[in-house]
Amino acid sequence: MASVTLHDITKRYQDAEVLHRVSLDVADREFMILVGPSGCGKSTLLRMVAGLEDISEGEIRIGGGIVNHLPPRDREIAMVFQDYALYPHMTVAENMSFGLRLRGLPKAEIDERVAEAAGILQIRDLLRRTPRQISGGQRQRVAIGRAIVRKPKAFLFDEPLSNLDAKLREEMRVEIARLHQRLGTTIIYVTHDQVEAMTLGSRIAVINAGRIQQVGAPAEVFSRPANLFVAGFIGSPTMNFIAGVLDRAAFKSESMSMAIPGVPGDGAPLRVVLGIRPESVCVDQAPSPLLSEPLPAAIEVVELLGYKRNLYLKAGDDRLLATVDASFAGRPGDAVAMRFRLSEIHLFDKETRNRIG
Amino acid sequence: MAEPRLPVGPALASLRRRQLVKAGLTHAALIAACLVCVYPLLRMIAVSLRPGDRLISTDLALIPAGATLASYARVFAETNFLLWLWNSLVITAVTSLIGVSLAATAGYAFSRFRFPGDRLGLTLLLGTQMIPAGMLLLPLFLMIMRLGLINTYLGMVIAYSVSSLPFSIWILKGYYDTIPRSLEEAALVDGTTRFGAFYRIVLPLSTPALSIAFLFNFTQAWNEYLVARVVLCDAQKYTWTLGLFELQGQFITQWGMFAAGSFLVTVPVLLIFLHSSKWLISGLTLGGVKG
């Protein structure tokens, strides 16, 4: 295993710059997630690590050595593709052993490694079949098996679960987490699915428009988003945003006004955006020093999710979502009092879009 | 409780009738087309089996009265038929191999790489296919003459290869376009070179297109007459098309031998088609990628 270091990576296609001086350190045995919306440059970054895309500027190191000019075969990495990319004219066993055969390993060792990987992934019965004779989930296992047998320095996953249905995706997600614990490998994993990002990664790098927005542990990125983009992208349902002014430690918008402790109150009034996650909005709860003053709101829509309820609230001109216990009995049209958990309020500078405090 | 009857009976019957009529008409048209294609072949067989005194009879029987293999025996005994076949075979095999090899690599370049003039190149290749073969005859003859390749196998191979190449490149380029690039990328990461990915992954998956290109090259070269007439003048180098034409005299034409020879030369092409038919079924790439 090895660390992977990206230093000031830039990617240009003719005049269009799609990655802007991206730097990232992936430690040995770390599970790093690159997450971001479609077209943000995360797959391009991964393909540059693999050697499938040229690097316009910057430096990539795998295990300490610069690999900028090495072809993919000399980088000692393995990659799992979004569309599996299994060789259709080879059996599962041949697919898995392809890289080992190219390296001229003894047949006995190849057979041993393939059998071991097939055992881990529970695909022993499929070894003689061709890719077209197995299901989507099984194909993804084979693609992972093809990567495992190589024993590379780092694994690269390019949205590996995005073609699977929801149930299978969940199963494979657990499988991949288990695999990482078992093999203790360095993994760089690209996804646009924030659930995968939150559940799998040791750390997450949130990317938007070719720039890294924030790198940190999933809990840190969730609880202290560095800017408005991260706050809106991470978390489901998404965070509520209310535009207003921060003046003398109080937030004021057209529809609400509340004191926010712990915020410097001596500067000039600042245009800000207040962010509050739906699960941090309490409805009809008793006063508490941990909660804000009550704000009047009306329920517009109620959604039952089974164990939770989503309430779509209207407070003045602002619309908010609150996720409450399923036992909540309010109905559309009811007037309620909502309170925010004070410690879970996020403030962002409206100009710079960065976090305040 | 009995289910209520839906009033779909007459509509369904009418639909079935329309489908039957459509299928009947389609089959009738296909059978007619087949007859038009097969009739000359059947006539050729019939003529080749006729006794020498009934060659220009109007009898339509496939196996004529007094059928004999005498014409076949005479083709072998009285002409250089085996030599003509050998010449044709050498020229055709080399032409097909060279043509398919060049088209396989050129098609790959056009499919996978972007380089200055790639689109123009493809358009020009297509343009060459729109010029009638007869118009190219004189320039081709002059080029081959200046290369000193008149009356040589090499001259024939070059002339045939270049004329089949554009079509083969287009066929293969189109097929490569359907093969996901991720397969080659997976091979690159697994440890192949760029050529290795082409050789080990793309080529095996392109068997149907390679077969079509090979068959096209083979039949073009095997059946060609005009270029051979211009390039070859030594009877020892004649292909079967020139050889059989020799049987057509000013005063008398050996129709029996002509038909027998013609039938014999269609056999190799027929066998190759039958053998290759399994490769002509595409869809080999199904299952390798998502789906």
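1. Helix 5 of chain A, residues 166-183, comprises 18 residues and spans 26 Å between its first and last C-alpha atoms, close to the expected 26 Å at 1.5 Å a residue. The expected span is 1.5 Å times one less than the number of residues in the helix. Helices (H or I, at least four residues) and strands (E, at least two) are DSSP runs, numbered from the N terminus. The model is predicted: local features need pLDDT of at least 70 and side-chain atom pairs count only at pLDDT 80 or more, while totals for chains, interfaces and linings use all residues. Residues are numbered from 1 along each chain as its sequence is written, and chains are lettered from A, with ligands numbered from 1, in the order in which they are written.

2. Within helix 5 of chain A, the residues M172(A), I176(A) and H180(A) are buried. Seen down the axis, the buried residues of helix 5 of chain A fall within an arc of 80 degrees, so they line one face of the helix. The arc is that of the directions from the helix axis to the C-beta atoms. An α-helix has 3.6 residues a turn, so residues three or four places apart point the same way. On the other side of helix 5 of chain A, the exposed residues are K167(A), E171(A), V174(A), R178(A), Q181(A) and R182(A). A residue is buried if 20 or more other C-beta atoms lie within 10 Å of its own, exposed if 12 or fewer, and partly exposed in between, with C-beta atoms placed from the backbone.

3. Just after helix 5 of chain A, G184(A) adopts a positive phi of about 55 degrees.

4. Strand 8 of chain A is mostly covered, with 6 of its 6 residues buried. T186(A), I188(A) and V190(A) point one way from this strand, and I187(A), Y189(A) and T191(A) point the other way. Strand 8 of chain A pairs in the parallel sense with strand 3 of chain A over 5 bridges, and T191(A) is the bridge partner of V35(A). Strand 7 of chain A (residues 154-158) also runs parallel to strand 8 of chain A and is joined to it by 5 bridges; here Y189(A) is the bridge partner of F157(A). Two strands pair if DSSP finds at least two bridges between them.

5. The largest nonpolar core has 153 residues, and those with the most contacts inside it are V49(A), L156(A), I188(A) and A205(A). Helix 6 of chain B (residues 153-177) gives the most to this core, with 9 residues. A nonpolar core is a set of buried Ala, Val, Leu, Ile, Met, Phe, Trp, Tyr and Cys residues joined through C-beta atoms within 7 Å. Leaving aside neighbours within four places in sequence, the contacts of I188(A) include V4(A), V26(A), M32(A), L34(A), V49(A) and L156(A). Two residues are in contact if their C-beta atoms, placed from the backbone, lie within 7 Å.

6. At the interface, 20 residues of chain B are in contact with 24 residues of chain A. The elements giving two or more residues to the side of chain B that touches chain A are helix 7 (181-190) and helix 8 (194-205) of chain B. Helix 7 of chain B gives the most, with 7 residues. By class, this side of chain B has 11 nonpolar, 6 polar and 3 charged residues. Ala, Val, Leu, Ile, Met, Phe, Trp, Tyr, Cys and Pro count as nonpolar, Asp, Glu, Lys and Arg as charged, and the others, Gly among them, as polar.

7. K151(A), with phi near 45 degrees, lies in the loop between helix 4 and strand 7 of chain A, and counts as partly exposed with 14 C-beta neighbours inside 10 Å. N151(B), with phi of about 65 degrees, lies in the loop between helix 5 (133-146) and helix 6 of chain B.

8. A cis peptide bond joins S236(A) and P237(A), with omega about 0 degrees. P237(A) is placed in the loop between helix 8 (228-233) and strand 11 (240-247) of chain A.
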